[in-house]
Amino acid sequence: MKNTIKIERAVKNITQEDLAKIIGVSRQTINAMEAGKYVPSTVLALKIAKYFHKPVENIFQLEGND
Amino acid sequence: MNHQKKLIMNTTLQLLPNRFKKIGWMIFIPSLILGVLSLTDIFNFPDISLPVFYNSGFPLSNEDSGLFKNTEVAIFPNLFGILIIIGGLLLGCSKEKIEDEYISSLRLRSVFWSLILTYSIVLILFLTIFGTAFFTVMIIIIFLPLVLYIFRFNYLLLKK
């Protein structure tokens, strides 16, 4: 699964640390998701989408091997 | 909101508060260093005769074996071992400042990694080492799963 968290973050001009604080997770979690090393739970994906005011599918997309 | 909080809690483990981690480090690191030193001949730690709960005796000694007997105890290596376990458990079982689902997954991965590595080492030792050295090595191996888990988990946390 790929995601556009990094792009959305750039649009809002906030750091990984800021986003982590707002969502209520650790900075490592945001970093791991952006690097594609961690697939978040549904709850976390929904919270991120809610913060960026976008549907989940706009931020998280399936890839060929999923 | 309350419902959401509950869901997140379900994905993480029940652990001790974060402040125990600092206490854990303060007990774990000194006792680990002293424990390793006690394996070498750098310091000579004296044995002390103490009443123990159960003394199984050694094959060639004529000591009394059984419950509540006095025996020579290598008191310092014993103490270091106890402190490594106490410090290690505090460290390994306390929360990070923000304990979320990704941190929990790192924990699981570290425990699994240390389990596989420990038993790989045990397997090699079973195949290669015989005699009394085997028992000495096995005593050290007992600490390995906890020690490896702690170092692996904290390495994964700090790694960029």
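**Exercise 1.** Does B:Arg107 count as buried or exposed, and at what relative accessibility?

*Solution.* The model is a predicted one, and the class is read from the computed accessibility. The cut-off for buried is under 20% relative accessible area. B:Arg107 has 3% relative accessibility, and therefore counts as buried. Turning to the partner, the side chain of B:Arg107 meets that of B:Glu99 in a salt bridge, with an N to O distance of 3.0 Å. B:Glu99 is at 13% relative accessibility and so counts as buried.

**Exercise 2.** Determine which parts of chain B are linked by the salt bridge between B:Glu96 and B:Lys21, and classify each of the two residues by accessibility.

*Solution.* Begin with the contact itself, in which the side chains of B:Glu96 and B:Lys21 meet at 2.6 Å, N to O. This pair links distant parts of the chain, since B:Glu96 is in the loop between H3 and H4 of chain B while B:Lys21 is in helix H2, 75 residues apart. For the accessibility, B:Glu96 counts as buried because its value is 14%, and B:Lys21 counts as buried because its value is 11%.

**Exercise 3.** Find what the salt bridge between A:Arg9 and A:Glu34 ties together in chain A.

*Solution.* The two side chains meet at 2.5 Å, N to O. A:Arg9 lies in helix H1 (residues 5-12) and A:Glu34 in helix H3 (residues 27-34), so the pair ties together parts of chain A that are 25 residues apart in sequence. Both A:Arg9 and A:Glu34 are buried. Over all chains, the count of salt bridges comes to four.

**Exercise 4.** Locate B:Ser94 and identify the backbone oxygen that its side chain reaches.

*Solution.* B:Ser94 is placed in the loop of chain B between helix H3 (75-92) and helix H4 (101-128). Its side chain reaches the backbone oxygen of B:Leu90 at 2.9 Å. With 1% relative accessibility, B:Ser94 counts as buried.

Terms used:
Residues numbered from 1 in each chain as written. Chains lettered and ligands numbered in written order. Predicted model: local features only at pLDDT ≥ 70, side-chain atom pairs only at ≥ 80, totals over all residues. Heavy atoms only, no water. Helix = DSSP H or I, 4+ residues; strand = E, 2+ residues; numbered from the N terminus. Buried < 20%, exposed > 50% of the residue type's maximum accessible area, 1.4 Å probe, protein only. Polar contact = N/O pair within 3.5 Å; in protein donor to acceptor, adjacent residues only side chain to side chain.
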